[in-house]
Amino acid sequence: MNELFVKRIELRKDEIKDVNIYPFNIKCIRNLDVLSIETAVTFLYGENGVGKSTLLEAIAISLGMNPEGGSQNFHFSTYDDYSELYKYLKIGKFGMPESKFFLRAETFYNVATSIHKEYHRYGEGSDDWKYGGNLHECSHGESFIKIVENRFWDKGLYILDEPEAALSPLRQMTLLYYINRLVQNGSQFIIATHSPILLAYRDGTILDLNNCLEKIDYKDTDVYKTYKDFINNPEGMQKALFNEEIF
């Protein structure tokens, strides 16, 4: 097993002044004490609103990455709406990754724009060139994969927030291929996702934010069960849904 760069995430509860305000009133965060990271790929899984992106964002900021995405060398900001959770996290770090990157679907346009500005400032050999060209000339999914292909290096630490939002199922499998290849070469990933394709990664750990970050098996996740039931019986699922029989 690879030596992990992040093995422990602790919430310093004694420093929080008011646990009844956002984001400390989110159930999974309110109940967080110490989170142990055991494998090179860790998934944060759960329903909308349970705190996946909030926790992942705080982890990325605590590790020195830009809140809207990018590496420790990205300093742009379009709208400062991130929470103060990062101030209360203590990250157990072991060793120094050769690369770090926070990749989130919802603010990826801003990251691509920041890269493109560097390209025009410095020309060939700049970040834009290093990232595989002008990302704005690609589709959302294509540019996402270009980042992984060109900027995710071996022995790196990568934080991904719902990457499936930009990717077709086939591209999600492409991402899974790159994740595995990078893990085999010493990288570590922490990923918030709803994707049954990504969650299926055979060497990953799934932490269920619906149940206070407890470990859960892939086939026990609601997303696996829901996709399986729908694909196996789309007509029956729609009949139940439209007749409101399942609510």
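**Chat notes on a predicted model**

Biologist: Where does Thr226 lie?
Modeller: Thr226 is in helix H8, which covers residues 222-232. Keep in mind that this is a predicted model.

Biologist: What separates Thr226 and Met237?
Modeller: Their C-alpha atoms are 9.7 Å apart, and the two residues are 11 apart along the chain.

Biologist: Let's zoom out. What is the secondary structure of the protein chain?
Modeller: The protein chain has nine helices and nine strands. It has 247 residues, and 48% of them are buried.

Biologist: Which residues touch the most other members of the largest nonpolar core?
Modeller: Leu44, Phe152 and Phe189 do, in a core of 63 residues. Helix H6, residues 169-184, gives the most to this core, namely six residues.

Biologist: What is Phe152 in contact with, leaving aside neighbours within four places in sequence?
Modeller: Phe101, Leu103, Ile147, Tyr158, Leu160, Leu182 and Phe189.

Biologist: Tyr158 and Leu160 are on that list. Which way do they point from S6?
Modeller: Tyr158 and Leu160 point one way together with Gly156, while Leu157, Ile159 and Asp161 point the other way. Strand S6 spans residues 156-161, and six of its six residues are buried.

Biologist: How many bridges pair S6 with S5, and how many with S7?
Modeller: Strand S5, residues 99-104, pairs with S6 over six bridges in the parallel sense. Strand S7, residues 188-192, pairs with S6 over five bridges, also parallel. As for positions, Arg104 stands opposite Asp161 in S6, and Leu157 stands opposite Gln188 in S7.

Biologist: How does the chain cross from S6 to S7?
Modeller: Through H6, as a right-handed β-α-β crossover.

Biologist: Other topic: what order does the open sheet of three strands have?
Modeller: The order is S2-S1-S4, with antiparallel pairing.

Biologist: Why is one side of S2 and of S4 left without a neighbour in the sheet?
Modeller: S2 (34-36) and S4 (89-93) stand at the edges and each has a single partner strand, so one side of each has no neighbour there. Neighbouring strands in this sheet are turned by 15° against each other on average, ignoring direction.

Biologist: And how many bridges join S1 to S4?
Modeller: Five, with S1 covering residues 6-11 and the two strands antiparallel. Leu11 has Leu89 in S4 as its bridge partner.

Terms used:
Residues are numbered from 1 along each chain as its sequence is written. This is a predicted model: local features need pLDDT of at least 70, side-chain atom pairs count only at pLDDT 80 or more; totals for chains, interfaces and linings use all residues. Side-chain values use heavy atoms; hydrogens and water are left out. Helices (H or I, at least four residues) and strands (E, at least two) are DSSP runs, numbered from the N terminus. A nonpolar core is a set of buried Ala, Val, Leu, Ile, Met, Phe, Trp, Tyr and Cys residues joined through side-chain atoms within 4.5 Å. Buried means under 20% relative accessible area, exposed over 50%, partly exposed in between (1.4 Å probe, protein chains only). Contact means heavy atoms within 4.5 Å. Two strands pair if DSSP finds at least two bridges between them. Axes are lines fitted to C-alpha atoms, for helices over the stretch in contact, and angles run from 0 to 180 degrees between N-to-C directions. A crossover is right-handed if, with the strands pointing away from the viewer, the path from the first strand over the helix to the second runs clockwise.
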